[in-house]
Amino acid sequence: MNQLAFVFGLLGNVVSFMVFLAPIPTFYTIFKKKSTQGFQSVPYVVGLFSAMLWIYYAFLKPETTLLITINTVGCFVQSTYICFYLFFASKNARIQTVKLILLLNVVGFGLIIVLTHFWANDSNRDDIVGWICLVFSLCVFVAPLGVVRQVIRTKSVEYMPFLLSFFLTLSAVMWFFYGLLRKDYNIAIPNVLGFLFGVVQMVLYVMYKNTNSKKVVKEKKEISEIETKIIVIDHENNLPELKEQIIDVMKLGGAAVLGIIPLVPVHVDNHILGVGT
């Protein structure tokens, strides 16, 4: 049974590492724009806190090397994302991010360590930290409800990529069996919720995936019709700049219709919030 748990933990490490790389397109966009406008640092700060919390828990339990390895990688990746974000963020966004890091990752995590170290016995310290991890993970898994509601309301899956939902669901399955086989329910229980939300997201994607294509075709048709009208105006009134202005307005209008709420982790901005959860 321990060997089977090791296999699931190893597969969980591989899948979770792939999920950690999901925000790369987001930061490529930030790099091209040289601005973080439209993006938030919250997912990465929370992700760092979650990884730190699970590492602390893992050190209190025997034979949790696989839990330590993936969350150590998670800490490194999330820290890299945060540094990248701070480099391109505005002064106000940078200040807000630093405040959040100090509040959650320094004060919050520090209090958990101090309180569990001095107020808890050695025999139940791991149980207390485990419950903290479990509750925090459940809160994180509830986060996608906002995106699910947005998808149902707009009938658009633009901000809910299928592959990300699939790999997050697969990750939840791996860590669920890892926790179950080790009889560590602090790991197993949150991933039941993660699996259910992942399945719901994939079902919604299948239901509404064609809606996006229809909207794109419709918008292209509308833009094409307006371009034709603009050509007539251009020839009749010599107003070449009007074409670009109207097309820009149409594109902005189309973008506004699709919705603006980003995907959250266990999606937040195409991103997983800690592993072992």
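Asp122 is exposed, because its relative accessible area is 65% (buried means under 20% relative accessible area, exposed over 50%, partly exposed in between, with a 1.4 Å probe and protein chains only). The side chain of Asp122 meets that of Arg125 in a salt bridge, with an N to O distance of 2.7 Å; the term denotes a side-chain nitrogen of Lys or Arg within 4 Å of a carboxyl oxygen of Asp or Glu. Arg125, at 11% relative accessibility, counts as buried. The model is a predicted one, in which local features need pLDDT of at least 70 and side-chain atom pairs count only at pLDDT 80 or more, while totals for chains, interfaces and linings use all residues. Residues are numbered from 1 along each chain as its sequence is written, and side-chain values use heavy atoms, with hydrogens and water left out.

Side chains of opposite charge can pair when their charged atoms come close. By the rule above, the count comes to two salt bridges. Besides the pair of Arg125 and Asp122, a salt bridge is formed by Lys61 and Asp126, at 3.7 Å from N to O. This pair links distant parts of the chain, 65 residues apart: Lys61 lies in the loop between α3 (42–60) and α4, and Asp126 in helix α6. Helices are DSSP runs of H or I with at least four residues, strands are runs of E with at least two, and both are numbered from the N terminus. Lys61 is partly exposed at 23% relative accessible area, whereas Asp126 is buried at 15%.

Aromatic rings were examined next. Rings of Phe, Tyr and Trp (its six-membered ring) pair if their centres lie within 6.5 Å; planes under 30 degrees apart count as stacked, over 60 as edge-to-face and the rest as tilted. A search of the whole structure finds 14 aromatic pairs. In one of them, Phe84 and Phe88 are tilted, with 5.0 Å from centre to centre and 50 degrees between the planes. These two residues are separated by about one helical turn, because they stand four residues apart in helix α4 (residues 65–88). Phe84 is partly exposed at 28% relative accessibility, and Phe88 is buried at 13%. The pair of Phe176 and Phe177 is edge-to-face, because the planes are at 70 degrees, with the ring centres 5.1 Å apart. Phe176 is partly exposed at 22%, as is Phe177 at 32%.

Phe84 and Phe88 also belong to one aromatic cluster together with Phe27, Phe31, Tyr44, Tyr81 and Phe87. The charged end of Lys34 sits over the ring of Phe31, 4.1 Å from its centre (NZ of Lys or CZ of Arg within 6 Å of the ring centre and within 35 degrees of the ring normal).

Not counting residues up to four places away in sequence, Asn105 touches Val45, Leu48, Phe49, Met52 and Leu100, where contact means heavy atoms within 4.5 Å. Thr169 is placed in helix α8 (residues 162–181) and is buried, with a relative accessible area of 4%. Leaving aside neighbours within four places in sequence, Thr169 is in contact with Phe195, Gly198, Val199 and Met202.
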